[in-house]
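Have the sequence and the 3D view open, and look things up as we go.

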Amino acid sequence: MTEAVKVFYPAPRARVQAMKEYHPPLGCRDALRLDFNENTLACSPAVRDVLGRISAGSLTRYPEREPVEAIVAAHLGLAPAQVALTNGVDEAIHVLFEAFLEAGDELLLPVPTYTMYEVYSSATDARVVAVQANDTLQFPFERLLAAIAPQTKIVAIANPNSPSGSIATRAQLIEIATRAPQAVVLVDEAYFHFCGESVMDLVGVIPNLIVARTFSKAYGLAGLRLGLLAGPVELMRWVRRVLSPYSVNSIALACLPPALEDTAYLDWYVGEVLAARAEFEAALDAAGVRRWPSHANFVLIEIGARHKEFVRMMSAAGVLVRDRSSDPGCDGRVRITIGTREQMRLAAKALNETLAALKTKGVA
Ligand SMILES: Cc1ncc(COP(=O)(O)O)c(C=O)c1O
């Protein structure tokens with residue numbers, strides 16, 4: 001009998017061993033995907049034109065981000081040195097945390113909020129201080145202020161927030177930045193286009209403010225992985241030290257200028273989503289489903305104890321929605337992305353039929 005060979009694998013850092021794995025649910029191709037807050041239709045036709053003209057030869061070269069950063073900065077009314085493009089906002093969060101969080105630091109978060117703040121902070125030696133919103137899920141402003149401590153190093157605020165759809169006001173964000181001068185205040189404006197409120201004009205004015213934006217939502221480019229950080233040059237230079245110079249690929253860089261230019265398409269899509277949201281909210285109200293006010297392209301609803309069955313039955317009806325029950329304070333709650341009016345009429349029909357079926361089974 002041969003002796004079993006013992007194989008040794010090098011161990012990662014203890015922090016990495018303690019991290020939870022993050023597995024986003026996989027969508028099925030022919031369902032209506034209302035589970036990721038994506039654009040549910042398409043990106044601008046101008047982007048599709050550019051995509052069609054990308055040559056294989058151009059792929060042999062490393063991407064050059066600086067000229068595109070200059071275009072994006074001009075679009076935002078900022079200097080190029082104030083803007084860094086990233087491989088989605090997820091990379092932006094990752095590099096920002098890596099640049100600023102160390103042992104003894106605290107990351108301050110209102111919760112529930114976007115999951116990746118906690119995921120990326122868990123790879124650092126910082127401690128998460130989570131401030132729970134009450135049942136209204138409104139931004140817990142006073143309690144967040146009270147939780148600011150000398151060791152607070154980053155305050156991360158998704159505005160509008162996910163999964164609640166709530167917003168922090170401009171005055172609240174300014175107050176937080178003023179009361180925590182030792183901390184970077186990250187305002188993640190991933191859903192900005194659906195609400196119109198922004199603090200981008202305060203970049204470079206408030207010394208500890210950094211704003212994130214994504215091209216994954218309203219622009220419909222989630223598959224390209226494009227995001228950005230905008231902040232004072234004095235902070236962005238540290239972000240750039242950590243950021244890979246090539247993490248935004250050349251196809252994404254080629255698509256960004258036409259996406260920015262086609263404001264007519266963006267306005268049309270946002271208008272369509274806002275009209276669909278109003279219609280869908282009315283359908284929820286008519287069905288007696290509790291919902292939270294939304295400033296984004298999704299709505300959080302109360303399903304209760306049968307949330308898993310609800311999500312399964314909606315999926316069987318061809319509509320994917322996201323169970324948020326494991327988010328703090330969200331037990332029994334489900335998030336539904338808002339698409340076009342036509343799509344949301346289908347979603348409302350599936351929702352009404354699912355609720356009726358659950359009631360018939362005596363389990364609603
Ligand atoms: C608040 C928030 N920030 C960032 C992201 C991720 O953006 P990106 O696709 O640019 O990584 C999401 C995605 O759902 C989000 O909800």
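Below we visit helix pairs, then the ligand, then a few spots in the loops.

## Before we start

Keep in mind that this is a predicted model.

## Helices α3 and α9

Start with helix α3, residues 66-76, and helix α9, residues 250-261. Their axes sit 10 Å apart, and the packing angle is about 20°. Angles under 35 degrees count as roughly parallel, so α3 is roughly parallel to α9. The crossing of α3 past α9 is left-handed.

Which residues of α3 and α9 meet? On the α3 side you'll find V68, I71, V72 and H75, and they meet L253, L256, P257 and L260 of α9. Sorted by class, the residues of this contact between α3 and α9 come out as 7 nonpolar, 1 polar and no charged.

## Helices α10 and α12

Next up are helix α10 (residues 263-286) and helix α12 (residues 341-360), whose axes come within 9 Å and cross at roughly 20°. These two helices are therefore roughly parallel to each other as well. Here α10 passes α12 in a right-handed crossing.

From α10, the contact uses E272, A275, A276, E279, F280, A283 and L284. From α12, R341, M344, R345, A347, A348 and L351 take part. Split by class, the contact of α10 with α12 has 9 nonpolar, no polar and 4 charged residues.

## Helices α11 and α12

Now look at α12 again, this time with α11 as its partner: the axes are 10 Å apart and the angle is about 130°. That angle makes α11 oblique to α12. The crossing is right-handed.

In α11, the residues E309, F310, M313 and M314 meet A347, A350, L351, T354, L355, A357 and L358 in α12. By class, that contact between α11 and α12 has 9 nonpolar residues, 1 polar and 1 charged.

Let's zoom in on M313, which belongs to helix α11, residues 307-316. What does M313 touch, leaving out residues up to four places away in sequence? The list is T354, A357, L358 and K361. Take L358 from that list: M313 and L358 are 45 residues apart along the chain, and their C-alpha atoms are separated by 9.1 Å.

## Around the ligand

Which residues are around the ligand? They are G88, V89, D90, Y114, A158, D188, A190, Y191, T214, S216, K217 and R225.

For D90, a polar backbone atom is 3.0 Å from a ligand oxygen. With K217, an N or O atom in the side chain is 2.8 Å from an oxygen of the ligand. For R225, an N or O atom in the side chain is 2.7 Å from a ligand oxygen.

Most residues other than glycine have a negative phi, and most peptide bonds are trans. With that in mind, check the bond joining V111 and P112: it is cis, with omega about 5°. P112 lies in the loop between β3 (106-111) and α5 (115-121). Another cis peptide bond joins N159 and P160, where omega is about 0°. You'll find P160 in the loop between β5 (152-158) and α7 (170-179).

Where is L137? Look in the loop between β4 (127-132) and α6 (141-147). L137 has a positive phi, near 60°, and is not a glycine.

How values were computed: Residues are numbered from 1 along each chain as its sequence is written. This is a predicted model: local features need pLDDT of at least 70, side-chain atom pairs count only at pLDDT 80 or more; totals for chains, interfaces and linings use all residues. Side-chain values use heavy atoms; hydrogens and water are left out. Axes are lines fitted to C-alpha atoms, for helices over the stretch in contact, and angles run from 0 to 180 degrees between N-to-C directions. Helices (H or I, at least four residues) and strands (E, at least two) are DSSP runs, numbered from the N terminus. Angles under 35 degrees count as roughly parallel, over 145 as roughly antiparallel, 65 to 115 as roughly perpendicular and the rest as oblique. A crossing is left-handed if the near helix is turned anticlockwise from the far one by less than a right angle, and right-handed if clockwise. Contact means heavy atoms within 4.5 Å. Ala, Val, Leu, Ile, Met, Phe, Trp, Tyr, Cys and Pro count as nonpolar, Asp, Glu, Lys and Arg as charged, and the others, Gly among them, as polar. A residue is near a molecule or strand if one of its heavy atoms lies within 4 Å of it. A polar contact is a pair of N or O atoms within 3.5 Å; within protein, one must be able to donate a hydrogen and the other to accept it, and residues adjacent in sequence count only if both atoms are side-chain atoms.
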